[in-house]
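Subject: Structure handover

Dear colleague,

Here is the structure for your files. My notes on what was found follow below it.

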Amino acid sequence: MRSLDDIFEEYDFLDGDDRYRLLIDLGRELEPMPDPLKTDATLVRGCSASVWVYPLPQDGDRLHFLADSNAAITKGIVALVLAAVQDKPATEVAAMDIAAALAPFDLTRQLSSNRTQGVPNMVALVQDTARRIAGA
């Protein structure tokens, strides 16, 4: 997975329609999430589209997530969130300001509020998982 900084470098260079295409491409690059993991327990609440996030156990306290969405642009937003946290130590993710890391993308200005309304819930789920794994 590309780093958030690398993604932003490309994103910042693009205009509206090309930014949408980039987000859709990022979503396509997500590691596949098997259908049996898409359950009510892994569903992120408050999203306009269905979004599922599943933490995979890793050696040590590193976080790794599988995620999917039934909407292409939403899946790209999910990919952005994961780019901020994927394979990082749980203690780092628990202390991270993920919203600030995503702020340069200005998603609320680029996308409809329906597309971004679930982002805080996904961030909360990721950070709750990080705190649980970190024992914080």
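The side chain of Gln86 makes a polar contact with the backbone nitrogen of Phe65, at 2.7 Å. A polar contact here is a pair of N or O atoms within 3.5 Å; within protein, one must be able to donate a hydrogen and the other to accept it, and residues adjacent in sequence count only if both atoms are side-chain atoms. This is a predicted model, in which local features need pLDDT of at least 70 and side-chain atom pairs count only at pLDDT 80 or more, while totals for chains, interfaces and linings use all residues. Residues are numbered from 1 along each chain as its sequence is written, and side-chain values use heavy atoms, with hydrogens and water left out.

Gln86 is in the loop that runs between helix H3 (72-85) and helix H4 (90-95). Helices (H or I, at least four residues) and strands (E, at least two) are DSSP runs, numbered from the N terminus. Gln86 counts as buried because its relative accessibility is 13%; buried means under 20% relative accessible area, exposed over 50%, and partly exposed in between (1.4 Å probe, protein chains only). Apart from neighbours within four places in sequence, Gln86 is in contact with Met1, Leu63, His64 and Phe65, where contact means heavy atoms within 4.5 Å.

Next, the nonpolar core. The term covers a set of buried Ala, Val, Leu, Ile, Met, Phe, Trp, Tyr and Cys residues joined through side-chain atoms within 4.5 Å. The largest such core has 38 residues, and Leu80, Leu82, Val85 and Ile98 touch the most other members. At least two residues of this core come from each of H1, helix H2 (16-28), strand E1 (51-56), strand E2 (64-69), H3, H4, H5 and helix H8 (119-134). H3 gives the most, with 10 residues. Once neighbours within four places in sequence are set aside, the contacts of Val85 are Leu63, Phe65, Val93, Met96, Ile98 and Val126.

Gly27 is placed in helix H2. Gly27 counts as buried because its relative accessibility is 0%. Beyond its neighbours within four places in sequence, Gly27 is in contact with Lys75, Gly76 and Ala79. Gly27 and Met96 are 69 residues apart in sequence, and their C-alpha atoms are 23 Å apart in space.

On the aromatic side, rings of Phe, Tyr and Trp (its six-membered ring) pair if their centres lie within 6.5 Å; planes under 30 degrees apart count as stacked, over 60 as edge-to-face and the rest as tilted. By this rule there are two aromatic pairs. One of them joins Phe8 and Phe105 edge-to-face, at 5.2 Å centre to centre with 80 degrees between the planes. This pair links distant parts of the chain, 97 residues apart: Phe8 is in helix H1 (residues 4-13), and Phe105 is in the loop between helix H5 (98-102) and helix H6 (107-110). Phe8 counts as partly exposed at 24% relative accessibility, whereas Phe105 counts as buried at 1%. Phe8, Tyr11 and Phe105 form one aromatic cluster.

Lys38 lies over the face of Trp52, 5.6 Å from the ring centre. A charge sits over a ring if NZ of Lys or CZ of Arg is within 6 Å of the ring centre and within 35 degrees of the ring normal.

That leaves the salt bridges. A salt bridge is a side-chain nitrogen of Lys or Arg within 4 Å of a carboxyl oxygen of Asp or Glu, and the structure holds eight.

- Arg21 with Asp18, where the closest N and O atoms are 2.5 Å apart. Both residues lie in helix H2, three residues apart, about one turn of the helix. Arg21 is partly exposed at 49% relative accessibility, and Asp18 is partly exposed at 29%.
- Asp40 with Arg45, where the closest N and O atoms are 3.1 Å apart. Asp40 is exposed at 54% relative accessible area, while Arg45 is partly exposed at 45%.
- Asp128 with Arg131, where the closest N and O atoms are 3.0 Å apart. Both lie in helix H8, three residues apart, about one turn of the helix. Asp128 is partly exposed at 44% relative accessibility, and Arg131 is partly exposed at 32%.

Salt bridges that share partners also join Asp35, Lys38, Asp68 and Lys75 into one network.

Regards
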